[in-house]
Amino acid sequence: MRTVDFDYPLPQELIASRPLPNRADSRMLVVHRDSGLIEHRHFSDILEYVQPGDHFVMNDTRVVPARYFSNDGKIELVRAGISDELVWKCLVRPGKKMRLGATVQVGDATGRVELINEEGYRYIHWDKQVGDEYGRLALPHYMNRESDPDDKERYQTVYAAHEGAIAAPTAGLHFTPEILAAVPHSFVTLHVGVGTFRPVKVDNVEEHRMHTEVFYMPQETSDAIEAAKRVIAVGTTSVRVMETLAARHGRPLPAGPGETNIFIYPGFEYKVTDALLTNFHLPQSTLIMLVCAFAGKDLIMEAYRQAVEMRYRFFSYGDCMLIL
């Protein structure tokens, strides 16, 4: 299976760099797997598709400011993890300026590169805690802009609760408090990592290795999944939590913390997810592969073709797709 098989043409002007004023005004492309029918609706219509016994599973992670710049503006740091308050795991640009032993200043804190792992992450030890005021949201590169004050609220779901994500679980950005209250739901927590921004660099899909992310499955969510007639995953992150646990332990899904590096691509057998709400994903990305595994590559590629033709808005701040 080749990575290029998951490519599609996308005009640059269809990439959404800013959100709509009203979350629920997003368009929603509805894909029916059994019939192949594709409908063009709006997210505000989603309640028309909710049936008795449905249960939505949502990721309640909260995005934290993770992008920092050196005082001279020449070095960018994206924090991927914290060993303790003074040791950060980071992606840096440009890497040539941050070799082993190199130092960087952010505010009145000085950091030194103590380790570079095989993936290129720098482990930076700070002489004092870096103030949160120096951090910015790490918006995806395709937005081609810096974060602004509006993003602090709009690049979060209305149900965001537990801090730790680098990027938002974007399928949830469409929910308003009113729509959320109208659907049966519960939460998992998966802190979306910096690997979200990393492309697939191998020609053969099976050779790609996923990054690891931490998650938590509450007991009440596991119980709700078992009681549901149809489990509707809100976003690929919710899918990854549920399908990781099912693959490892079967049903019922065990509650508690965990880690996942599950890679879902065509040929994968879904054990929990019955329907999926998701945004449109980058060409040749692991996320479009996950969606193709759920609904079939040919049907999803036709849905994407129609979305481009109908001028849908793509990616994090873009429109969504409901796959039934």
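Q: In which strand does E213 lie?
A: E213 lies in β13, residues 213-217. Strands are DSSP runs of E with at least two residues, helices are runs of H or I with at least four, and both are numbered from the N terminus. This is a predicted model, where local features need pLDDT of at least 70, side-chain atom pairs count only at pLDDT 80 or more, and totals for chains, interfaces and linings use all residues. Residues are numbered from 1 along each chain as its sequence is written, and side-chain values use heavy atoms, with hydrogens and water left out.

Q: Why does E213 count as buried?
A: Buried means under 20% relative accessible area, exposed over 50%, and partly exposed in between (1.4 Å probe, protein chains only). E213 has 4% relative accessibility, so it counts as buried.

Q: What joins the side chains of E213 and R240?
A: A polar contact of 2.2 Å joins them. The term needs a pair of N or O atoms within 3.5 Å; within protein, one must be able to donate a hydrogen and the other to accept it, and residues adjacent in sequence count only if both atoms are side-chain atoms.

Q: Why does the span of helix α6 agree with its number of residues?
A: The expected span is 1.5 Å times one less than the number of residues. For the 13 residues of α6 (297-309) that gives 18 Å, and the end C-alpha atoms are 18 Å apart, so the two agree. Just after α6, R311 takes a positive phi of about 65°.

Q: What covers the buried residues of α6?
A: The cover includes β1 (27-31), β2 (38-42), β16 (275-279), α5 (286-295) and β17 (320-323). L299, I300 and Y304 are among the buried residues of α6.

Q: How many helices and strands does the protein have, and why is it called as compact as a globular protein of its length?
A: The protein has six helices and 17 strands. Its radius of gyration is 20 Å, close to the 20 Å from the globule rule for 324 residues, so it is as compact as a globular protein of that length. The radius is taken over C-alpha atoms, and the rule is 2.2 Å times the number of residues to the power 0.38.

How values were computed: Contact means heavy atoms within 4.5 Å.
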